[in-house]
Amino acid sequence: GAIINRVYDSLQRFRGRLGVIWKTWLLSLCVHIIGVGVGYILILGLGFSPPDFLSFFVAWFISNFICSFAAFAAIGVGQILYGEIFLLMIGINYGADLATATQVIYILAKLPGLAAWLMSREYSAPLSQHAEKDVV
């Protein structure tokens, strides 16, 4: 319930600024579309036989949407969901492998940011030393 309350409160703060919500939603949609393209390239790079792009687009989009909520359940949920969705929607049986490869790529892509954050923590003052008005 706390997550839903935070989402609701966040949206209420932008209630009168529909342009901001619209632009954010479009940016999110663009990121997901780019992700579909990268996933298709990943299939080609792994040597799997690629399905037609439109079917793949729909299956990937649905898998990512469901996994964005199911990620809180446990490790391995993505593999099960990708495997089932890709098998049911496009008849390919490597959806779980694709989910694992995607997760590895996401981790590798985020490592530079993690390293930068860890290094910045060494050289910055602890959060409790900042005045509360400076913390956003």
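The model is predicted: local features need pLDDT of at least 70, side-chain atom pairs count only at pLDDT 80 or more, and totals for chains, interfaces and linings use all residues. Residues are numbered from 1 along each chain as its sequence is written, and side-chain values use heavy atoms, with hydrogens and water left out. The protein has five helices and zero strands. Helices (H or I, at least four residues) and strands (E, at least two) are DSSP runs, numbered from the N terminus.

**Overall fold**

- Along the sequence, the pattern reads α-α-α-α-α.
- The protein has 136 residues, and 21% of them count as buried. Buried means under 20% relative accessible area, exposed means over 50%, and partly exposed lies in between (1.4 Å probe, protein chains only).
- Of the contacts between residues at least 6 apart in sequence, 44% join residues at least 24 apart. A contact means heavy atoms within 4.5 Å.

**S63 in helix α3**

- S63 sits in helix α3, which spans residues 53-70.
- S63 counts as buried because its relative accessibility is 0%.
- The S63 side chain reaches the backbone oxygen of A59 at 2.8 Å.
- Beyond its neighbours within four places in sequence, S63 is in contact with Y82, I85 and F86.

**Helix α4 and what follows**

- Helix α4 has 14 residues and reaches 19 Å from its first C-alpha to its last. That is close to the 20 Å expected at 1.5 Å a residue. The expected span is 1.5 Å times one less than the number of residues.
- The buried residues in α4 include Y82, I85 and F86. V77, G78, Q79, G83 and I90 are also buried there.
- E84 belongs to α4, which covers residues 77-90. Its relative accessible area is 43%, so E84 is partly exposed.
- E84 and A96 are twelve residues apart in sequence. Their C-alpha atoms lie 8.2 Å apart in space.

- The structure holds ten aromatic pairs. Rings of Phe, Tyr and Trp (its six-membered ring) pair if their centres lie within 6.5 Å; planes under 30 degrees apart count as stacked, over 60 as edge-to-face and the rest as tilted.
- One of the pairs is Y40 with F53. The ring centres are 5.1 Å apart and the planes stand at 80 degrees, so this pair is edge-to-face.
- Y40 lies in helix α2 (residues 18-46) and F53 in helix α3, so the pair ties together parts that are 13 residues apart in sequence.
- Y40 counts as buried because its relative accessibility is 16%. F53, at 39% relative accessibility, counts as partly exposed.
- Y40 also forms an edge-to-face pair with F56, at 5.3 Å centre to centre and 65 degrees between the planes. Y40 is in α2 and F56 in α3, so this pair ties together parts that are 16 residues apart in sequence.
- Both Y40 and F56 are buried.

**Aromatic cluster**

- Y40, F53 and F56 belong to one aromatic cluster with F57, W60, F61, Y82 and F86.
- Two members of this cluster, Y82 and F86, are in contact with S63.

Terms used:
A polar contact is a pair of N or O atoms within 3.5 Å; within protein, one must be able to donate a hydrogen and the other to accept it, and residues adjacent in sequence count only if both atoms are side-chain atoms.
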